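Here are my notes on this one, as numbered points. Have the viewer open while you read.

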Amino acid sequence: RKEYKIFLWNTNLYNAYNLSTEIWIIRESFFISQVKRIENIEIFTPKLWDFTLQIYDKVLQFEIWWKNKNSSKYSENIYIIKDDITIWENERVIPLWLFGLLK
């Protein structure tokens, strides 16, 4: 049986509690903490990719990666969120830091 993912609301708490966490947990926790501020949003964690967001009647799928991972195996419907990049690579690849600008 697979464990559920549990995310802290603030990524700094991982260091405060001295939890030995992997970087992918901090990346996903940052993403969730930023998008949960959007009104009328539902967040799901499916098995095939990292997150599905439902905003009103629109469904968006996200996969969170590091900068060197290749995105060729995923469909056109999934947005790739990459860490350690500064600019957009294409219409499907978005830098992780841009989600920090959401209101």
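1. Start at Ile-81. Setting aside neighbours within four places in sequence, Ile-81 is in contact (heavy atoms within 4.5 Å) with Phe-31, Phe-62, Glu-63, Ile-64, Trp-65, Ile-94, Pro-95, Leu-96 and Phe-99. A caveat on provenance: this is a predicted model, where local features need pLDDT of at least 70 and side-chain atom pairs count only at pLDDT 80 or more, while totals for chains, interfaces and linings use all residues. Residues are numbered from 1 along each chain as its sequence is written, and side-chain values use heavy atoms, with hydrogens and water left out.

2. On to the cores. The largest nonpolar core has 13 residues, and Ile-81 is listed among those with the most contacts inside it, along with Phe-31, Val-35, Leu-53, Phe-62 and Phe-99. Helix H2 (23-35), strand S2 (51-55) and strand S3 (58-65) each give two or more residues to this core. Apart from it lies another core, of 6 residues, including Trp-65, Ile-78, Ile-80 and Ile-85. For the terms: a nonpolar core is a set of buried Ala, Val, Leu, Ile, Met, Phe, Trp, Tyr and Cys residues joined through side-chain atoms within 4.5 Å. Buried means under 20% relative accessible area, exposed over 50%, and partly exposed in between (1.4 Å probe, protein chains only). Helices (H or I, at least four residues) and strands (E, at least two) are DSSP runs, numbered from the N terminus.

3. Now the sheet. It is open, with 5 strands in the order S1-S2-S3-S4-S5 and mixed pairing; two strands pair if DSSP finds at least two bridges between them. Strand S1 (41-44) and strand S5 (93-95) sit at the edges, each pairing on one side only. Strand S4 (residues 78-82) and S5 run parallel, joined by 3 bridges. Ile-81 turns up here too: its bridge partner in S5 is Ile-94.

4. Which residues make the salt bridge? Asp-83 and Arg-27 do, with their closest N and O atoms 3.0 Å apart. The pair links distant parts of the chain, as Asp-83 is in the loop between S4 and S5 and Arg-27 is in helix H2, 56 residues away. Both residues, Asp-83 and Arg-27, are buried. The structure holds 1 salt bridge (a side-chain nitrogen of Lys or Arg within 4 Å of a carboxyl oxygen of Asp or Glu).

5. Aromatics next. There are 6 aromatic pairs in the whole structure; rings of Phe, Tyr and Trp (its six-membered ring) pair if their centres lie within 6.5 Å, and planes under 30 degrees apart count as stacked, over 60 as edge-to-face and the rest as tilted. Phe-31 and Phe-62 form a tilted pair, 5.2 Å centre to centre with 55° between the planes. Phe-62 and Phe-99 are edge-to-face, because their planes are at 90°, with centres 6.1 Å apart. Phe-62 is buried at 4% relative accessible area, and Phe-99 is buried at 10%.

6. Last, Phe-7. It sits in the segment before helix H1 (12-16) and counts as partly exposed, at 22% relative accessibility. Beyond its sequence neighbours within four places, Phe-7 is in contact with Tyr-14, Ile-25, Glu-28, Ser-29, Ile-32 and Phe-51. Phe-7 also belongs to one aromatic cluster with Phe-31, Phe-51, Phe-62, Tyr-79 and Phe-99.
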